[in-house]
Amino acid sequence: MGKILKLIAIIFCFWLTLESSFAFAKTLPTEINVSLGNKAGELKFFPENLKFVAGQKYKLILDNPSPTKHYFTAKDFADASWTQKVEAGKVEIKGAIHELELKPTAVAEWVIVPQKVGTYLLRCSIPGHTEAGMTGEIIITN
Ligand SMILES: [Cu+2]
């Protein structure tokens, strides 16, 4: 009798551990890395196409490995999404964000939940960069 109770307790504990780890996994955002330019100084986003599923949480990890500063400008995408926060260095910024400027070697993390299905333009708004091809496409699907 005691042994059966013990076994049930062990199974229950195992199940609890599984349940909580699944719940934890669900709240973790999907990470997407985007580089603004590269070491060679090319005026491009890497990758140029970003895909999101509406209603899911993402952590956009932006970095600038290039020798010059760049912008991550995607105003319509930002309007179509809910921003939880942007983290850069030891600073966490809450509220609506439309544009980020990254100086060389900078890294910023943008935690965002895309909401409205659509195709949105991404570009770098430094004069000449959009024209040189520093653009991208962001797609939000269901
Ligand atoms: Cu640029």
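A: β3 and β11 (residues 135-141) run parallel and pair over 5 bridges. Helices and strands here are DSSP runs, numbered from the N terminus: H or I of at least four residues for helices, E of at least two for strands. Two strands pair if DSSP finds at least two bridges between them.

Q: Before we go on, where does the model come from, and how are the residues numbered?
A: This is a predicted model, where local features need pLDDT of at least 70 and side-chain atom pairs count only at pLDDT 80 or more, while totals for chains, interfaces and linings use all residues. Residues are numbered from 1 along each chain as its sequence is written.

Q: Back to the pairing, then. What is the bridge partner of N49 in β11?
A: N49 has E137 as its bridge partner there.

Q: And which residues of β3 are on the covered face?
A: L50 and F52 are on the covered face of β3 (residues 49-53), with N49, K51 and V53 on the uncovered one. In a regular strand, side chains alternate between the two faces of the sheet.

Q: How do β6 and β9 run, parallel or antiparallel?
A: Antiparallel: 6 bridges join β6 (residues 81-88) to β9 (residues 107-114). In that pair, W82 stands opposite V113 of β9.

Q: Switching topic: which residues have the most contacts inside the largest nonpolar core?
A: L62 and A74, in a core of 22 residues. By nonpolar core I mean a set of buried Ala, Val, Leu, Ile, Met, Phe, Trp, Tyr and Cys residues joined through C-beta atoms within 7 Å. A residue is buried if 20 or more other C-beta atoms lie within 10 Å of its own, exposed if 12 or fewer, and partly exposed in between, with C-beta atoms placed from the backbone.

Q: Which elements give two or more residues to this core?
A: That list is β3, β4 (58-63), α2 (75-79), β8 (99-102), β9, β10 (118-123) and β11. The largest share, 3 residues, comes from β9.

Q: What is A74 in contact with, leaving aside neighbours within four places in sequence?
A: Y120, L121, L122 and I138. Contact means that the C-beta atoms, placed from the backbone, lie within 7 Å.

Q: Now the loops. Which residues does the cis peptide bond join?
A: F46 and P47, with omega at about 0 degrees. P47 is in the loop between β2 and β3.

Q: And T105, what's its phi?
A: Positive, about 70 degrees, although T105 is not a glycine. T105 sits in the loop between β8 and β9. With 10 other C-beta atoms within 10 Å, T105 counts as exposed.

Q: Where does G133 lie?
A: In the loop between β10 and β11. G133 is partly exposed, because 14 other C-beta atoms lie within 10 Å. Leaving aside neighbours within four places in sequence, G133 is in contact with L43 and K44.

Q: Last one: how many helices and strands in the protein chain?
A: 2 helices and 11 strands, and 23% of the 142 residues count as buried.

Terms used. Two residues are in contact if their C-beta atoms, placed from the backbone, lie within 7 Å.
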